[in-house]
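Please keep the sequence and the structure in view while reading.

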Amino acid sequence: MSERKKTPETLRSHRWYGKTDMRSFGHRSRTLQMGFSHEDYKGKPVIAIINTWSDISHCHSHFRERAEDVKRGVWQAGGFPLEMPAITLAEVMQKPTTMMYRNFLAMETEELLRSYPVDGCVLMGGCDKTGPALLMGALSMNLPSIFVPAGPMLTGRWAGKALGSGSDVWKYWDELRAGNITQRDWDDIEAGIARSPGTCMTMGTASTMTGIIETLGFSLPNASAIPAPDSNHSRMGSYSGRRIVEMVWEDLKPRDIITPRSVDNAIKVLMALGGSTNALIHVVAIARRAGIDLNLDHFEAIGKRTPYLVNMRPAGQYLMEDFYYAGGLTALLEGMRDLLDTGELTCTGRTLGENIAGARIHNTEVIRTPANPIRPDGGLVVLRGNLAPDGAVLKANAADPRLLTHTGRAVVFDDYNDMAARIDTPELDVDADSVLVLRNAGPLGGPGMPEWGMLPIPKKLLKAGVRDMVRISDARMSGTSYGTCVLHVAPESWIGGPLALVKTGDLIELDVPGRQLNVKVSDEELAARRAAWKPKARRFERGYGALFSQHVSQADKGCDFDFLEGMQPTEDPEIH
C-alpha cells in the first residue's frame, strides 16, 4: 500500500458516524440495529458494493456469492462493506433496450455514493451497459472506485462444435430460415449456447468494455478475462475488496486515474481486440464524464495505426476461454507495450506498465503481436458523407470484403415493425446488391438506440445463398454481430437527419477506403425532401422516458444526458 493520505477523522463517513450530535446518534444506533458493533465501522473506510445482481440478470446470476467474496476482502483489509443493489440492465431481457437505461444506472450509482456514508466503492457489473454506467457514475462522484467484472460464461457446445453467444445465434437463425438446419437442431443450440453464469464469451460489448475498463486502470490485472465460474474469479473479487480499502486510505480517486493518455490506451486496446462498435459510444460518454473531449475522428486516427491482434468471434475464430488461457488482457497489453503509454496510473497504485510486466502470450493463434497482426489496422472505421454528416461506424473486419466498396439501390424500412413485417415477404423488391436501410432506430427514434443494426437478410436471398448485404441504420448492433452493417448514423432520422430523407430506389454509395457514405441524390432534391419532412411527436410525456427524450445526446456525443457531462463532482451538502 502507498502512503496513507487519509486519517480516520478525514474519512467522508466520519461526518455521519464520528460526531457527538443527535444526528450521528441516529446513524450509529441504526447501524447497531442491523447487528453491527461500533468496532465494525469506527474509524474504518466504509465501502459501498454496488451490485447489479437480480433474478432477471442472467449474466450476473453469480453476483450474490461474488459480493460475499468482495465483502470478505473488505473485512480482511479493515474496511466496513455495505452492499447496495442497483438497477439491473439485463441484455436481451430489457425492452426497448438496456441502452435507454444506461444513464439511469449511472445516475443511481452517483446518487447512492453521494447520499450515503461511503468512502469508496466496488462496482460490480459486466453485461454490456453496466460497466460503462457504473464507471460513469463513479467518475461523476469521484470517490475511490474499483471495478469487478462479471467475467465471460463458458464456451457453448452443440453437436461437437463450439458455440459463441450472439454470433452463432445469428448464424444458425439464418440457416434455420434458409431450411439448412432443423427445428430440433435449433432447440439443441438453444440448450447449449449459454452454459454458465457470465457475459457473452465472444468479443462482444461486455468483454470489449471490461477490457477497456481494465486498460483505463479500474480493474485488477487480467480481471476482465477470468471466466465467471473459475475459482480465480472468486479470488479476484476478494483481492478487489482488499484493494479498495487501501485506495481509500491512499485517496486514489477515478479522476486521478483517467487521463487523455489512458483513454488513448483504451482505444488502442479496442482496436487490437477487434471489439464492439458499441464501445465508441461508451468510451465517448466515459471520457466526457471526466471532462475529456473525445470525438469519432480520434478513434479513426488511432485505428489507422493500431493493428488488430486478437483472433476472436465475431470477427475471428476463438472465444473468451481461449483468450484467458492464451494469457488474457495482460498478455495482449504486454505484447503491444510499445504502442501504449505504460506510465498511466491504475487502481493498483502502480502503472499500467508495472501491472503487465512479464505477462506472456501462450497461444499465438489467439493473441498476436504487432509484428504479426491479423490486419494492420483496427477495423473499426468512421464514415462521413451526406448520409452521415456527424459520422457513422462500421466494423470492417466483420464485413464481407467485397462489399466495402459498393453502390446499391436502397430498400427503406421506416421503423423496426415495418422491417419485421416486410423483410421475408416474397413481393419485397430486393436483390443481393440492394442496400437495406432502417431508420427511426436511434437514441430518440428507437427509443434508446436498440441493437437492430444487423438487419436480417431477406429469406428469399438466404435461400439463394446470400449471407451478407450492406445494411445502414441509426441503430446499434450487438457486439456479437457481424456483417457489412453501417451503424450509429448521426444525426438520427427521428430528428430529421439525412437518413429520414432517403427513398426506396435511391442509389447509396459505401466507400470504406475513402471513409464515405453518400446517397446519390442532388443537394436540391434533398433540400426539397427536407422541406416536406414533418417532425416526429415526442414518444414520452412522463417519467424517465420524458427525461431521456429531453436530455439525451446523439450517438457521436456518447448518448449521455447533457446535464451530466464534464462537470466537476457535486459537492457534498452539509450533513445534519
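**A guided reading of the model**

A159 is exposed, because its relative accessible area is 57%, and the cut-off for exposure is over 50%. The model under discussion is a predicted one. A159 sits in the loop that links β5 (156-158) to β6 (161-163). Its backbone also deserves attention: A159 has a positive phi of about 50°, although it is not a glycine. The background to this remark is that most residues other than glycine have a negative phi, and most peptide bonds are trans.

A positive phi is also found at C559, where the value is about 55° and the residue is again not a glycine. C559 belongs to the segment that follows α21 (543-551). Is C559 buried or exposed? With a relative accessibility of 5%, C559 counts as buried, since the cut-off for burial is under 20%.

The peptide bonds come next. The bond leading from G446 to P447 is cis, and its omega is near -5°. P447 is placed in the loop between β10 (435-438) and α19 (459-463). A cis bond also joins A490 to P491, with omega near -5°. The loop that contains P491 runs between β12 (485-487) and β13 (507-511).

The discussion now turns to helices. Two packed helices are described by the angle between their axes and the distance between the axes. Helix α9 (residues 205-216) and helix α12 (residues 260-273) have axes that come within 8 Å and cross at roughly 145°. This crossing of α9 and α12 is right-handed. Which residues of the two helices meet? From α9 come T208, I212, T215 and L216, and from α12 come S262, V263, N265, A266, V269 and L270. Sorted by class, the contact of α9 with α12 comprises 6 nonpolar residues, 4 polar residues and no charged residues.

Helix α12 also packs with helix α13 (residues 278-289), at an angle of about 175° and with the axes 11 Å apart. Because of this angle, α12 is roughly antiparallel to α13, the cut-off for that description being over 145 degrees. On the side of α12, the residues in this contact are V263, I267 and L270, and they meet A279, L280, V283 and A287 in α13. By class, the contact of α12 with α13 has 7 nonpolar residues, no polar residues and no charged residues. V263 and L270 are among the α12 residues that meet α9, and V263 and L270 are also among those that meet α13.

Some individual residues within helices can now be examined. D264 is part of helix α12. Why does D264 count as buried? The reason is its relative accessibility of 18%, which is under the 20% cut-off. When neighbours within four places in sequence are left aside, D264 is in contact with H298 and I302. The C-alpha atom of D264 is also 8.6 Å from that of F299, although the two residues are 35 residues apart along the chain.

S207 lies in helix α9. Its relative accessibility is 5%, so S207 counts as buried. Residues up to four places away in sequence being excluded, S207 touches P152, T199, C200, T202 and M320. T31 is found in helix α2 (residues 22-33). T31 is buried as well, because its relative accessible area is 2%. With residues up to four places away again not counted, T31 touches Y17, F36, Y41 and F80.

The final topic is the cysteines. A disulfide is a covalent bond between the sulfur atoms of two cysteines. How many disulfides does the structure hold? The number is 0. The distances at two cysteines illustrate this result. For C485, the closest cysteine sulfur is that of C200, and at 17 Å it is too far for a bond; the cut-off for a disulfide is within 2.5 Å. C485 is buried, with a relative accessible area of 0%. For C559, the closest cysteine sulfur belongs to C127, and here too the distance of 17 Å is too far for a bond.

Definitions and conventions:
Residues numbered from 1 in each chain as written. Predicted model: local features only at pLDDT ≥ 70, side-chain atom pairs only at ≥ 80, totals over all residues. Heavy atoms only, no water. Axes fitted to C-alpha atoms, helices over the stretch in contact; angles between N-to-C directions. Helix = DSSP H or I, 4+ residues; strand = E, 2+ residues; numbered from the N terminus. Left-handed = near helix turned anticlockwise from the far one by under 90°. Contact = heavy atoms within 4.5 Å. Nonpolar A, V, L, I, M, F, W, Y, C, P; charged D, E, K, R; others polar. Buried < 20%, exposed > 50% of the residue type's maximum accessible area, 1.4 Å probe, protein only. Parallel < 35°, antiparallel > 145°, perpendicular 65-115°, else oblique.
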